[in-house]
Amino acid sequence: MYKNATFFNIALEPLYISLKSYKDSVLCALPTDNVGQKIRKLRLSLGLTQNQFGAMIGNKNTTVANWENGYKTPSPNIQYKIIKTFKLRLDYFNF
């Protein structure tokens, strides 16, 4: 990709490769699912729309969308409500 690109006569390929390997090593250390991803997987596994899911826990579909997209995180009270409503393990949202 950057093989022939130079900037001030410095080849960029080694820099690109080192950044890519750093990114890969950082990603390996991260948890696989955040709270929003867990909510999305749960909702889809139950065959619910964001509107239906939100209504079941007393929230709007836009709030559910914000959680799933990582813009916001549900409070511990809401997480507990999701756990109780869908009869999940208490550690469902813990990493």
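## A buried glutamate

Glutamate 68 sits in helix α4. The model is a predicted one. In it, glutamate 68 has a relative accessible area of 5%. The cut-off for buried is under 20%, so glutamate 68 counts as buried.

What does the side chain of glutamate 68 make a polar contact with? The partner is the side chain of glutamine 50, at 2.8 Å. Leaving aside residues within four places in sequence, glutamate 68 is in contact with Gly36, Ile39, Arg40, Arg43 and Gln50.

## The overall layout

The protein holds five helices and two strands. Along the sequence, the pattern reads β-β-α-α-α-α-α. The protein has 95 residues, and buried residues make up 23% of them.

Take the contacts with a separation of 6 or more: residues 24 or more positions apart account for 47% of them.

Helix α2 spans residues 35-45. Its buried residues are Val35, Gly36, Lys38, Ile39, Leu42 and Arg43. These cover an arc of only 160° around the axis, which puts them on the same side of α2. Leu44 and Ser45 lie on the other side of α2, and they are exposed.

What covers the buried residues of α2? The cover includes α3 (50-57), α4 (61-68) and α5 (76-85).

Both ends of α2 have a feature to look for. At the start, a side-chain oxygen of asparagine 34 reaches to within 3.0 Å of the backbone nitrogen of glycine 36. After α2 comes glycine 47, with a positive phi near 70°.

Glycine 36 is in helix α2. Its relative accessible area is 6%, and it is buried. Neighbours within four places aside, glycine 36 is in contact with Trp67 and Glu68. Phenylalanine 93 is 57 residues away from glycine 36 along the chain, yet their C-alpha atoms are separated by 9.5 Å.

Arginine 43 is also in helix α2. Is arginine 43 buried or exposed? It counts as buried, at 9% relative accessibility. Not counting residues up to four places away in sequence, arginine 43 touches Leu48, Thr49, Gln50, Phe53, Val64 and Glu68.

## How α2 meets α4

Two packed helices are described by the angle between their axes and the distance between the axes. The axes of α2 and α4 come within 7 Å and cross at roughly 120°. That makes α2 oblique to α4.

Which residues meet here? Gly36, Ile39, Arg40 and Arg43 come from α2. Val64, Trp67 and Glu68 come from α4.

## Helix α5 and its partners

In α5, the residues Ile78, Gln79, Ile82 and Ile83 are buried. Viewed down the axis of α5, they fall within an arc of 145°, so they line one face of the helix. The buried residues of α5 pack against α2, α3 and α4. Just after α5, lysine 87 has a positive phi of about 55°.

How do α3 and α5 cross? Their axes come within 10 Å, at an angle of roughly 100°. The two helices are therefore roughly perpendicular to each other. From α3, the residues Phe53, Met56 and Ile57 take part. They meet Ile78, Lys81, Ile82 and Thr85 in α5.

## The nonpolar core

The largest nonpolar core has 13 residues. Those with the most contacts inside this core are Ile39, Phe53, Ile57, Trp67, Ile82, Phe86 and Phe93. Which elements give two or more residues to the core? They are α2, α3, α4 and α5.

Phenylalanine 86 is one of the residues with the most contacts in the core. Not counting residues up to four places away in sequence, phenylalanine 86 touches Leu42, Leu46, Leu48, Phe53, Met56 and Ile57.

Methods. Residues numbered from 1 in each chain as written. Predicted model: local features only at pLDDT ≥ 70, side-chain atom pairs only at ≥ 80, totals over all residues. Heavy atoms only, no water. Buried < 20%, exposed > 50% of the residue type's maximum accessible area, 1.4 Å probe, protein only. Helix = DSSP H or I, 4+ residues; strand = E, 2+ residues; numbered from the N terminus. Arc of directions from axis to C-beta. Contact = heavy atoms within 4.5 Å. Polar contact = N/O pair within 3.5 Å; in protein donor to acceptor, adjacent residues only side chain to side chain. Core = buried A, V, L, I, M, F, W, Y, C linked by side-chain atoms within 4.5 Å. Axes fitted to C-alpha atoms, helices over the stretch in contact; angles between N-to-C directions. Parallel < 35°, antiparallel > 145°, perpendicular 65-115°, else oblique.
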